[in-house]
Amino acid sequence: MLLATAYAAVVVFALGYALLGLPVQLSDSLGNMAKAQDLSLGDLVYGEFFQASFLRPFLWAHLKVLLILSGGDYFTWFRGWHVLQVALLIWLYLCVVRPVTPAGAAAVPLGLAALVGGHTFVGTVYEAFPINTFMTILLCVYAGAALALGPPGRWRDVAAAALLVFAALTVETGLLVGVVVIAARMAGATGVSRAGTWVQVALIGGYFALRFLVLDVGAPGLTERSSGFGFSVLDPDELLARFGGNPVLFYAYNVLSGLSSIFFAEPRGGVWALTGAVRAGEVRLADLVGVLASAGGTSLIAGYVWARRAAWRAWSLDADDRIVAVFLAVAAANAAIGFAYSKDVILSPAGAFFALALTVAVRRLSQQTHAARLRSAAVGILLLALSSAWAVRGLHLHAVLRAEAETARNDWAYADQWIEEQRMTFSPAGAELKRRLEADAVMRLPARDPVSSDLMEVLGID
Amino acid sequence: MTRAFVGLPLAAAAACVPACLGTLIVAAFSVLDLSGHTPFSGGPLQNIAEAAAAGNAAEVLRRMAAGDNLGRLWPVRPEIISSSVPLATGLEAAVWSREGALVRLLDLRRAIGEGEIRHHLVCLALDIEAEDVADVLAGDRELSCEPGEALRAVLKRAPAS
């Protein structure tokens with residue numbers, strides 16, 4: 001456990017360092033922060049119960065609380081909180097996989113590479129609004145898993161209920177906390193009691209009643225955002241023209257492509273980019289490695305379930321089986337929740353549980369001794385290739401963050417023009433907030449040295 | 001503990017080593033970057049002209065605020081623009097970035113002014129076939145250029161000593 005923790009600390013250091021090079025982004029954050037600045041916490045949260053299409057009051061509460069705490073030192077507080085969230089996530093990962101044996105510790109590097117190198121994870125770190133809501137949900141679902149898969153305790157029922165309420169009212173995928181707890185219980189975990197699990201069911205029912213019957217918030221329609229379909233991204237007008245009469249087909253596409261994305265990293269954001277690139281003969285190595293890494297991981301998890309099929313048929317699951325079972329439940333529910341439009345980061349909870357399931361599968365496989373030398377060598381080669389592919393994905397994430405740091409900083413240089421284009425207006429306090437964020441990005445954070453464009457291209461950054 | 005690891009099957013090592021290497025590479029990169037020795041990098045942009053040529057608007061603004069003069073000649077490393085352009089003003093370098101948005105930004109900040117300098121920059125933009133930049137600079141002004149003259153003026157400068 002000590003070695004695994006030390007290794008996790010190195011991962012946190014590297015990711016934290018990359019994150020601290022990223023200014024608070026202009027287009028994602030300024031409008032939200034100015035809105036939160038101008039309203040009291042109570043007014044802000046209350047108002048969010050009466051928005052159309054989205055019910056996210058705690059997202060705004062979270063933002064407002066940090067805004068108050070920051071006392072105007074926005075970069076330190078918001079980016080510092082982002083780094084702390086990453087550290088918490090990795091700690092929770094260790095809490096769930098509990099790498100207490102040498103084989104367990106040996107599986108952690110590959111598992112963590114799959115966690116942070118996954119295509120669904122990128123969006124939880126390279127953008128922020130200025131708090132990355134999806135990262136918050138990752139913490140909640142991992143915390144839900146740590147509660148549900150741990151030893152029994154009444155306080156866990158209460159904590160799981162509070163977690164579900166907070167997560168579901170932060171963003172829609174927060175409902176997955178309930179899915180995690182319920183799936184864990186169905187798989188035989190006793191961390192949350194039977195009564196506590198029923199509370200989760202009731203809270204999910206209550207959420208839908210509040211959203212659709214009491215507040216009439218509704219669900220996002222076709223006009224909310226652009227979304228990938230087939231080989232391209234359709235803007236809201238195109239979506240309306242193509243599916244306006246019968247959006248069910250589009251929603252079904254999003255659910256199925258979401259599932260495929262979780263297991264195979266293709267399509268991405270609803271767009272079959274790699275398939276299109278293969279057709280055009282323009283495949284980028286980094287994209288291919290991403291698909292191979294996910295497909296290889298999926299094969300390993302499938303192999304694990306196959307090897308444990310007797311226990312699964314008898315529904316006599318051990319601790320590792322439960323983690324895999326929860327992953328499968330989260331994958332299905334996450335794809336279903338993302339029915340309205342396709343975006344990689346929406347699938348990040350499923351991506352995070354993919355990493356947990358892969359850790360379990362690798363741990364089990366590497367513990368086995370194979371009598372046949374040929375088979376043993378084949379397993380070794382397979383794991384070597386898989387680990388290498390995920391290592392490349394990890395490097396890709398750092399390249400993305402490096403490139404985004406420069407882009408985000410440059411965006412601030414053009415802030416005035418952008419604000420004019422958006423026709424944004426600010427109160428005096430909002431204008432001061434903008435001035436400080438701009439100064440943080442341009443003056444306080446000097447650019448890090450540019451990295452060779454050849455290297456960036458190899459890592460999948462144009 | 002170490003003994004237990006030594007006894008692990010080959011498969012565990014195969015799963016562990018490449019991912020560990022990836023993390024160690026990134027961690028080592030971060031430490032070197034933090035200490036000012038960024039690997040796989042030609043080093044930081046040396047002055048406002050290099051920042052402008054690289055299209056790094058934020059760095060240009062930061063250096064302007066620090067007092068760097070866009071109008072004076074600065075040494076520019078060969079890999080930034082070209083080995084035949086060892087010296088350029090910050091404004092010329094901005095034209096070479098081919099970023100119309102950067103040039104517009106500098107214009108909005110009144111860093112370009114009117115008269116000879118603007119005329120030279122428009123002609124330079126046309127000489128290097130950066131028509132978008134030339135349009136931004138010229139606006140609705142009617143300026144005539146002798147083809148190649150502005151570029152020749154830049155190229156004939158002596159290398160920085």
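A:Pro130 sits in the loop between α7 (122-125) and α8 of chain A; helices are DSSP runs of H or I with at least four residues, strands are runs of E with at least two, and both are numbered from the N terminus. This is a predicted model, in which local features need pLDDT of at least 70 and side-chain atom pairs count only at pLDDT 80 or more, while totals for chains, interfaces and linings use all residues. Residues are numbered from 1 along each chain as its sequence is written, chains are lettered from A and ligands numbered from 1 in the order in which they are written, and side-chain values use heavy atoms, without hydrogens and water.

The bond joining A:Phe129 and A:Pro130 is a cis peptide bond, with omega about -5 degrees. A:Pro267 belongs to the loop between α13 (248-264) and α14 of chain A. A:Ala265 is also found in the loop between α13 and α14, and has a positive phi of about 60 degrees although it is not a glycine. Most residues other than glycine have a negative phi, and most peptide bonds are trans. A:Ala265 counts as buried because its relative accessibility is 6%; buried means under 20% relative accessible area, exposed over 50% and partly exposed in between, with a 1.4 Å probe and protein chains only.

A:Trp315, in the loop between α16 (309-313) and α17 (319-337) of chain A, likewise is not a glycine and has a positive phi, of about 50 degrees. With a relative accessible area of 46%, A:Trp315 is partly exposed.

A:Thr133 lies in helix α8 (residues 133-149) and is buried, at a relative accessible area of 7%. Apart from neighbours within four places in sequence, A:Thr133 is in contact (heavy atoms within 4.5 Å) with A:Leu59, A:Thr170 and A:Val171. A:Thr173 is in the loop between α9 (154-168) and α10 (176-186), and counts as buried at 4% relative accessibility. Residues up to four places away in sequence aside, A:Thr173 touches A:Ile137, A:Asn334, A:Ile337 and A:Ile346.

In chain B, B:Asp132 is part of helix α8 (residues 131-138). Its relative accessible area is 57%, so B:Asp132 is exposed.
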